[in-house]
Amino acid sequence: MGQVIGNEDNTQTVTNNANENLLKVGVTLNKGRYRIVNFLASGGFGNTYVAYDTSFDTLCAIKEFFIKGDSQRDKNNMNVVVSNPDKIQMFNSLKDKFDREARRLYAIRSEHVVSVHDRFAENNTSYYTMDLIEGQALSNIMKKEGKPFPEQKVIEIIAQM
C-alpha cells in the first residue's frame, strides 16, 4: 500500500497546515495506526492527506469526510462539527454516502482504480485509506494543455476508467 519511507526513523520533513480546518501534521488516527504527514487536496466532499501507516511502514492517502463551508473543527482542532444545526441531517446523510463510496471502491479491483484498504470513524466523521499514487491529477494536465484533449486521447482515458 503506497510508497515505502526510506529514512530510518520514519519521519518526513513537512510544514504545519496553515488552514485550521485541516488536520495538523503529526496527528494520529485510528488508534495511532496512521500519522498525518501532509495535506494533499480538498474537494467539496472532503480533505485528502498523505499519511504514514505504522503497521506497514508505508505512505498512504487518507480521505476525510469534511463538507467545505458546512463543517469546521472544534476548539481542539480534531473533531468535525457542523456549523449550522439545520444542516446536521444533511451532513449525516452525506457521510453515509461517503461510507458507501468507500465500500464500493474497496470492492473494485482494477489497475485503473485506486485501491481502498481501510475505513474507520473518528473525530465525528469518517475516513478511508487508499494507495498513494504519484503523479498529476487529470484536471491539472488538462489545464496545462490549455485546450481539449484530442478525441483519441479521450478514448484512451475513458477505456482505462
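**View 1. Thr48 in strand β3.** At 14% relative accessibility, Thr48 counts as buried, where buried means under 20% relative accessible area, exposed means over 50%, and partly exposed lies in between, for a 1.4 Å probe and protein chains only. Thr48 lies in strand β3. Leaving out residues up to four places away in sequence, Thr48 touches Phe39, Leu40, Ala41, Ala61, Ile62, Lys63 and Met130, a contact being heavy atoms within 4.5 Å.

The model shown in these views is predicted, so local features need pLDDT of at least 70 and side-chain atom pairs count only at pLDDT 80 or more, whereas totals for chains, interfaces and linings use all residues. Residues are numbered from 1 along each chain as its sequence is written, and side-chain values use heavy atoms, with hydrogens and water left out.

**View 2. The chain as a whole.** The chain has 3 helices and 8 strands, which are DSSP runs numbered from the N terminus, with helices (H or I) of at least four residues and strands (E) of at least two. From the N terminus on, these elements follow the order β-β-β-β-β-β-α-β-β-α-α. Of the 161 residues in the chain, 34% are buried. Among the contacts in the chain with a separation of 6 or more, 45% join residues 24 or more positions apart.

**View 3. The largest nonpolar core.** In soluble globular proteins, nonpolar side chains tend to be buried together. A nonpolar core is here a set of buried Ala, Val, Leu, Ile, Met, Phe, Trp, Tyr and Cys residues joined through side-chain atoms within 4.5 Å. The largest such core has 18 residues, of which Leu59, Phe91 and Tyr128 touch the most other members. At least two residues of this core come from each of β3, β4, β6 (80-82), α1 and β8, and α1 gives the largest share, 4 residues. Apart from this core lies another, of 12 residues, among them Leu22, Tyr34, Ile36 and Ile62.

**View 4. Asp99 in helix α1.** Asp99 lies in helix α1 and, at 12% relative accessibility, counts as buried. The side chain of Asp99 makes a polar contact with the side chain of Ser126, at 2.9 Å; such a contact is a pair of N or O atoms within 3.5 Å, where within protein one atom must be able to donate a hydrogen and the other to accept it, and residues adjacent in sequence count only if both atoms are side-chain atoms. Leaving aside neighbours within four places in sequence, Asp99 is in contact with Arg119 and Ser126.

**View 5. The loop between β1 and β2.** Asn30 lies in the loop between β1 (28-29) and β2, and has a positive phi of about 55° although Asn30 is not a glycine. Lys31 has its place in the loop between β1 and β2 as well, and its phi, near 60°, is a positive value in a residue other than glycine. At 86% relative accessibility, Lys31 counts as exposed.
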